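Biologist: I am new to this structure and would like a close look at a single part. Please take the aromatic rings and the core around them, and explain each term as you go.

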Amino acid sequence: MTKRKSFIIHIDSLNILDELSDDQAGKLFKAIKCHQLGDEFEFDTLTRIAFSQFKNQFDRDSEKYIKLCEKNRLIAENRYKNNATKSTTGEPGNESLPSITKTTDNDSKSDSKSDSKSDSKSDSKSDSKSDSKSDSKDTVKTNEPFLIFSYWKEVFKKNDSAKFTPKRLKAVTNRLKQGYTLNEIKQAIKGCSVTPHNMGENDNQKAFDCLELICRNGENVERFAGNAQQIVPKEYSAITERNINNIMDLELD
């Protein structure tokens with residue numbers, strides 16, 4: 001089969017680029033290039049997770065393309081056999097083929113259109129069922145960690161120097177795999193921001209607000225999420241007050 005000269009990237013898959021740095025986005029597109037050309041690529045953890053949703057789409061598109069090519073090939077073969085059988089002119093074995101070669105070129109276009117429509121309907125039903133099961137986990141692994149990271153940056157007013165390091169990504173992903181939901185982890189981030197000890201009201205006067213700490217284990221997620229539900233005392237530090245205002249602004253948006 002002739003190798004495809006192009007491939008499709010769905011627009012909704014590009015949303016993940018908003019959560020990546022320029023270097024991370026560059027690695028992602030190098031991975032896409034190597035995958036399409038069949039070259040080897042050494043993945044780091046972040047690139048592998050970001051690439052997974054693109055790979056699923058590429059594999060589905062390739063499978064549909066192979067099926068369509070095979071169907072068109074069978075149609076052309078059957079048409080050739082039928083025309084050869086019906087031909088009554090010339091000696092056996094000397095049937096002329098110009099009409100067949102012309103119709104295969106023209107008909108393959110019309111057949112491919114009709115076949116692609118029928119395939120798209122039948123395949124979309126089967127794909128939608130299988131994709132809903134197989135892609136559900138991939139959605140958790142690709143989209144939700146970046147949403148959590150963005151929320152953490154907004155709550156604590158982190159600048160662009162704060163990166164989604166592999167250590168932070170691993171902690172967030174492990175909690176999602178463990179069954180904690182996106183909203184529960186957001187509640188934990190919110191709870192940490194209103195916990196005086198973590199905001200610098202301690203002997204070292206140091207803030208402990210790292211995303212990896214919040215998601216280090218399930219106990220931390222539950223403890224910080226519980227703090228978010230508690231009534232904050234009337235007297236609290238300026239840092240805690242600032243974080244409360246930040247959260248209120250986010251919830252009003």
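Modeller: What follows goes from the ring pairs to the core, and then to one helix and the cysteines.

This is a predicted model, in which local features need pLDDT of at least 70 and side-chain atom pairs count only at pLDDT 80 or more, while totals for chains, interfaces and linings use all residues. Residues are numbered from 1 along each chain as its sequence is written, and side-chain values use heavy atoms, with hydrogens and water left out.

The structure holds 5 aromatic pairs. Rings of Phe, Tyr and Trp (its six-membered ring) pair if their centres lie within 6.5 Å; planes under 30 degrees apart count as stacked, over 60 as edge-to-face and the rest as tilted. Phe149 and Phe164 form a stacked pair, with 4.6 Å centre to centre and 10° between the planes. Phe149 lies in helix α4 and Phe164 in the loop between α4 and α5, so the pair ties together parts that are 15 residues apart in sequence. Helices here are DSSP runs (H or I, at least four residues), as are strands (E, at least two), numbered from the N terminus. Phe149 is buried, at 4% relative accessible area, and Phe164 is buried at 4%. Buried means under 20% relative accessible area, exposed over 50%, and partly exposed in between, with a 1.4 Å probe and protein chains only. Ring pairs link Phe146, Phe149, Trp152, Phe156 and Phe164 into a cluster.

As for the cysteines, a search of the whole structure finds 0 disulfides, a disulfide being a pair of cysteine sulfur atoms within 2.5 Å. The sulfur of Cys210 is 9.3 Å from the closest cysteine sulfur, in Cys215, too far for a bond. Cys210 is partly exposed at 26% relative accessibility, whereas Cys215 is buried at 0%.
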